[in-house]
Amino acid sequence: MKFRSLLFTLLPILSSATSASDPDPLSYRTISPAYTLPKPANVTTLLDFIASRSDLSKLHASIKQSGGFQEAFDTNPTWKFTFFAPNDEAFNHTGRYFQTFEATPKGKWWLGNTIIHHYVPNTILESSVFNETYQRFQTGTYLFVGAQTEGDNLLLNKVARVVESDIPITNGVVHIIDRILEPSAQIHEADIPWLKQSFIAGSCSNPALPYC
Ligand SMILES: *[C@@H]1O[C@H](CO)[C@@H](O)[C@H](O)[C@H]1NC(C)=O
Ligand SMILES: *[C@@H]1O[C@H](CO)[C@@H](O)[C@H](O)[C@H]1NC(C)=O
Ligand SMILES: *[C@@H]1O[C@H](CO)[C@@H](O)[C@H](O)[C@H]1NC(C)=O
């Protein structure tokens, strides 16, 4: 009898996890709205900034698609950061494969990682820190992006151009770029010098770490 009632209790759970109407094995990725921290009126979060710009509408849509990103990007940051915001033109250069892939569960996972690859925690990288030497810096994915100035332009990974630089927001700086920075296109050359940046836990921004 006990077993029977347990089975009846479990049945709805089991069937909801496997029913044909919900074939998506990654449906748990949908995070329902959680508690959000209060945001003081004088704070401009990354999300406030992105939402305020008509040329960042595709980035804004991508953030909404990635579970938890809206809340994270709308947090009043107590740390410094740099964000390279890909504009709508950048998303226009992604091609048909991107659009098809982006809609799949794996594509959403990839999109979230890609957005994080544009975020540098703990360090404000103003355009003045770059020069014509090709240097690298590490992003929130722990992967590297290369940067150098070419004439008046700052180029990332030799393709993404900074079209508007040094936009200050609360505790951070934003640069607008015209191409997406793909995590798998990270630079691997260990002999490329490194821009000075603050420590990212688990990353190589502390060169004393044995695996760096
Ligand atoms: C916002 O206002 C509070 C209270 O007046 C102040 O302590 C804080 O430094 C301000 N923050 C910013 C980013 O200006
Ligand atoms: C992006 O592509 C769409 C559709 O082709 C076009 O309407 C839009 O003007 C393009 N935007 C930018 C910023 O290139
Ligand atoms: C560029 O800056 C780095 C340090 O930020 C410096 O080591 C390097 O010599 C500079 N290169 C040029 C060409 O000024």
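pLDDT is the predictor's confidence in each residue, from 0 to 100. This is a predicted model, in which local features need pLDDT of at least 70 and side-chain atom pairs count only at pLDDT 80 or more, while totals for chains, interfaces and linings use all residues. Residues are numbered from 1 along each chain as its sequence is written, chains are lettered from A and ligands numbered from 1 in the order in which they are written, and side-chain values use heavy atoms, with hydrogens and water left out.

**Figure 1. Overview of the chain and its confidence.** The mean pLDDT is 84, and 83% of the residues reach 70 or more. Over residues 1-19 pLDDT stays under 50, and the model has 2 contacts (heavy atoms within 4.5 Å) beyond four places in sequence for them. The chain has 7 helices and 7 strands, which are DSSP runs (helices H or I, at least four residues; strands E, at least two) numbered from the N terminus. From the N terminus on, their order is α-α-α-α-β-α-α-α-β-β-β-β-β-β. Of the 212 residues, 39% count as buried (under 20% relative accessible area, with exposed over 50% and partly exposed in between; 1.4 Å probe, protein chains only).

**Figure 2. The largest nonpolar core.** A nonpolar core is a set of buried Ala, Val, Leu, Ile, Met, Phe, Trp, Tyr and Cys residues joined through side-chain atoms within 4.5 Å. The largest has 25 residues, and those with the most contacts inside it are Leu46, Phe49, Ile50, Ile63, Phe73, Phe83 and Val174. Helix H2 (residues 46-52) contributes the largest share of this core, 4 residues. A second, separate core of 14 residues includes Phe84, Phe137, Ala147 and Ala160.

**Figure 3. Surroundings of phenylalanine 49.** Apart from its neighbours within four places in sequence, Phe49 is in contact with Thr44, Leu56, Ile167, Ile169, Val174 and Ile176.

**Figure 4. Two loop residues with positive phi.** Lysine 158 is found in the loop between strand S5 (153-156) and strand S6 (160-169); its phi is near 65°, a positive value in a residue other than glycine. Asparagine 171, in the loop between S6 and strand S7 (172-177), also has a positive phi, near 65°. Asparagine 171 is partly exposed, with a relative accessible area of 28%.

**Figure 5. Residues around ligand 3.** A polar side-chain atom of Asn131 lies 2.3 Å from an oxygen atom of ligand 3. An N or O atom in the side chain of Thr133 is 2.9 Å from a nitrogen atom of ligand 3.

Key: Polar contact = N/O pair within 3.5 Å; in protein donor to acceptor, adjacent residues only side chain to side chain.
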